[in-house]
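This briefing covers the overall fold, a surface patch and a pocket. Please view the sequence and the structure before reading the points that follow.

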Amino acid sequence: MLLKVLLTFNLIYVVNQVHFPWETGIPAVAPINLLMLLILFLLRDKPEPLQDIKPILQRPLLLFYAALTLAFLWAQIRAFRDPIADLTYLKNALFYPLFYFLYLKCKQDEKTTRFLIIMVMVIAGVAGLEAVREGIDYGFGAYNPFRRASGPFGVDWHNANRAGVFYAMFTPMFAALALFLKGRKLWRLAALGGLTMVAGGTLFTYSRQAYFLVLLAIALLLLRKSIILSVVISAVLISAAGYLPDSVFQRVDETKSQSKGGEEEVDASTSSRWEIWEGAMKMLASNPVGVGFNRFKGEIGNYCGHKGYDAHNFYVLTFAESGPQGLAALLFLMWSLMFRLVAFLRRNTPPEDSEVRALVLGFTVCTLCMALGGIYGSPTLEGAVMAPYWALCGLLERYIHLKMMQTDVRKPVHRDAKIDDKFPLAAHILPGR
């Protein structure tokens, strides 16, 4: 029971760390690190119902770890600055994907594994509700870049884009349950409630990338369900768009505008990203193996006019800091998520279980949104955003293995018939043989 409580609290805490300003007093060690160590200690003597399961993501994650570690070592050689800060940053980058291994190997039965999957979604829904509350507190007036909701991911507007990616990632999980779950009205209503909370939270982050991801996720799932239904719901959503706050339309409309000369131009936020990406390519040209882990912000000002800025694109950031080998490891990880883990889940989903089918379909689009979320931002190493996703990877892989084991147990055991089963009188032909 204690282990189940800690596994649940671990998920709650990692998303809501901003509400728990605890410190350990140990350099580079956070409370979440000690919490994981406690869970691992309790797991030590607990029996495992699943045996000999090799994690699907083990190799790609280890390769990604190796690329980040190599970039860290190169940073210390090339531009030695603050080793404690660099080590802490590396520790966080390596730590949060461990949620995949922890929850894959959590040694819980099928019922508890399902409960933990539900808890991940509940936590996402509550996080969305927090952003909705912030948005309501800010009001519905004109768009203000300093009044964007970040939910539990930050104390002000700075983390609004990362919050938007998180909500967009979990939108398809709720949408898939609402669309594909059969015969369970209360659960479908709960899924609709969760969908409303995360979609509402997305609105008040004013993240244009998140808007696109939410619309893409819902469109893909609607098309998977029914073309006719997708047309009907799209028409309803378009007609209901007029009831959205004017600030939402203002935020979208400001992406492009007309210059005094009548030429179409993009807003400063969009154009600055393009300039930063161009500067990142110049940075890479000067440093073919990368500038080193956690060095982008400190050096981008040498290649463009945006000193101290993030890359706003995790693929560009990885390419510039870790070099081609780092980008290759990242792309291999993304490929493994989409074409190995997701493929395994879909291939082994029990055809008669609509709940598992809905979860796997939602996770498929969730993974797509996660991968696309790194194109216009860099939340991939952010623990509060990504740890629940990594935990969901492990939990769903475990859940499918448990379902497969249950199916194997139920299958009748066939043995080859012996000759005396087919011919019972044969024993009398040669007695004693």
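A residue counts as exposed when its relative accessible area is over 50%, and as buried when that value is under 20%. The model described here is predicted. The protein chain comprises 433 residues, of which 49% count as buried.

**Overall fold**
- The protein chain contains 17 helices and two strands.
- Taking contacts between residues at least 6 apart in sequence, 77% join residues at least 24 apart.
- The protein chain has an accessible surface of about 21600 Å², and carbon and sulfur atoms account for 65% of that surface.

**Nonpolar surface patch**
- Leu34, Leu37 and Leu40 make a nonpolar surface patch of about 270 Å².
- Leu37 belongs to helix α2, which covers residues 31–43.
- Leu37 is classed as exposed because its relative accessible area is 53%, and the cut-off for that class is over 50%.

**Second largest pocket**
- The volume of the second largest pocket is about 850 Å³.
- Its lining draws two or more residues from each of α1 (2–15), α4 (83–95), α13 (296–299), α14 (314–347) and α16 (383–410).
- Helix α4 gives the most to the lining of the second largest pocket, contributing five residues.
- In total, 35 residues line the second largest pocket, and those nearest its centre are Asn92, Tyr96, Arg162, Glu382 and Gly383.

Conventions
Residues numbered from 1 in each chain as written. Predicted model: local features only at pLDDT ≥ 70, side-chain atom pairs only at ≥ 80, totals over all residues. Heavy atoms only, no water. Helix = DSSP H or I, 4+ residues; strand = E, 2+ residues; numbered from the N terminus. Buried < 20%, exposed > 50% of the residue type's maximum accessible area, 1.4 Å probe, protein only. Contact = heavy atoms within 4.5 Å. Areas by Shrake-Rupley, 256 points an atom, 1.4 Å probe, with all protein chains shown as cover. Patch = residues over 30% accessible without salt bridge, like charges linked within 9 Å, V, L, I, M, F, W, Y side chains within 5 Å. Salt bridge = Lys/Arg side-chain N within 4 Å of Asp/Glu carboxyl O. 1 Å grid on protein atoms, 1.4 Å probe; cavity = no way out; pocket = protein on both sides within 12 Å on 5 of 7 lines; lining within 4 Å. Points joined across faces, edges and corners; volume = space filled by probe spheres on them.
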